[in-house]
Amino acid sequence: ASKTGDPLIVIDFYATWCGPCKAMAPVFRQLSKKIPAAYFLKVDVDDCEKLVEEYKVEKMPTVKILRGSKVLHTIVGGGPQFVQELLGFLDSNMNAAEAKLTEQTLEDMQGAGSEYASAMETTNSDIDTLATVPLSKFSEFRKMHTREEIGLAPIEANTNWDVSYHEASHSAVAKSMVDRMKDDVEWWATKANSSRIMRVCNLDDQMVEVMIEGDATATATVQEALSAVLELTKKLKQLRDSEA
C-alpha cells in the first residue's frame with residue numbers, strides 16, 4: 001500500500017453459495033498478488049451483515065474500491081468486464097508511488113520463472129479437451145445421447161417456492177440468495193435438458209447395473225460365455241497347428 005496518505009482498499013463482498021463469487025475468487029487472488037499498491041479484502045455477507053448494510057450491498061459479487069474510508073467506485077457482478085473495470089479504475093486512481101510499486105512488481109513477476117512457464121506452457125485447446133473430453137482418444141467407443149433418447153424425463157425448473165413467511169426473508173442478503181438460487185435452478189434445468197449424455201457403445205444401463213451391483217444369473221452367463229470363447233480359441237489353435 002501507499003506509504004503516504006490513505007491506501008487503496010478493494011473489498012470483495014461474496015457468499016459461499018454464490019456461483020459467480022466462486023468463479024471470481026481465483027481471479028481476485030491473482031490480482032491481489034499483482035497489485036501490492038492496494039489492500040485486497042474479502043467479506044462473507046452471511047457473517048458480516050452490519051458491513052453489508054453499511055456499504056449497501058444488494059447483489060453478489062459486489063466489489064467496493066475505497067481510498068481510506070471513502071468509497072470511490074462499486075463493481076457489481078463478475079466476468080471479464082470485472083477485471084477490465086477494476087484494473088482500469090485502479091490504474092487511473094493510483095498516485096505516483098503506488099503506480100511505480102505496481103509496475104516494479106509486475107516486472108519482477110514476469111522475469112522470475114519465465115523459463116519454467118515456457119517449458120510448462122499449455123494451450124487453450126489442451127485445457128478445453130482435458131476439461132470436456134478427457135477420454136477423447138476413446139471417442140470411437142462412445143456415443144452421445146439426449147435424455148429423451150435414453151428414456152429419461154426432462155428436468156423441470158420448479159422455482160415456485162415461497163419463503164416470505166421466514167422472518168429473515170426480507171433482508172437484502174436473503175432476497176439476493178433466493179433470486180440467485182432460482183437463476184441457478186433454471187440454468188441447470190436448461191443445461192441438463194440440452195446437454196448430451198455419454199454412453200459406451202454396446203453397453204446399456206442394465207449391463208452397468210449388473211457389473212456394479214452384481215447378479216448371480218448374469219455373472220454365471222458371462223462366465224459361461226468366457227469359457228466358450230476360451231474353448232473355441234483353444235480348438236482354433238489346435239486346428240492351426242495341425243495344418244502347419
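Me: How is the exposure of a side chain such as Arg 196 classed?

Reply: A residue is buried under 20% relative accessible area, exposed over 50%, and partly exposed in between (1.4 Å probe, protein chains only). Arg 196, with a relative accessible area of 45%, is partly exposed. The model is predicted, so local features need pLDDT of at least 70 and side-chain atom pairs pLDDT 80 or more, while totals for chains, interfaces and linings use all residues. Residues are numbered from 1 along each chain as its sequence is written, and side-chain values use heavy atoms, with hydrogens and water left out.

Me: How many salt bridges does the structure hold?

Reply: Side chains of opposite charge can pair when their charged atoms come close. A salt bridge is a side-chain nitrogen of Lys or Arg within 4 Å of a carboxyl oxygen of Asp or Glu. The structure holds 4 of them. One of these joins Arg 196 to Glu 149, at 3.7 Å from N to O.

Me: Which strands hold Lys 42 and Asp 12?

Reply: Strands (E, at least two residues) and helices (H or I, at least four) are DSSP runs, numbered from the N terminus. Lys 42 and Asp 12 form a salt bridge with their closest N and O atoms 2.7 Å apart. Lys 42 lies in S2 (residues 38-44) and Asp 12 in S1 (residues 8-14), so the pair ties together parts 30 residues apart in sequence. Asp 12 is buried at 0% relative accessibility, whereas Lys 42 is partly exposed at 41%.

Me: Where do Arg 180 and Asp 184 lie?

Reply: Both lie in helix H7, 4 residues apart, about one turn of the helix.
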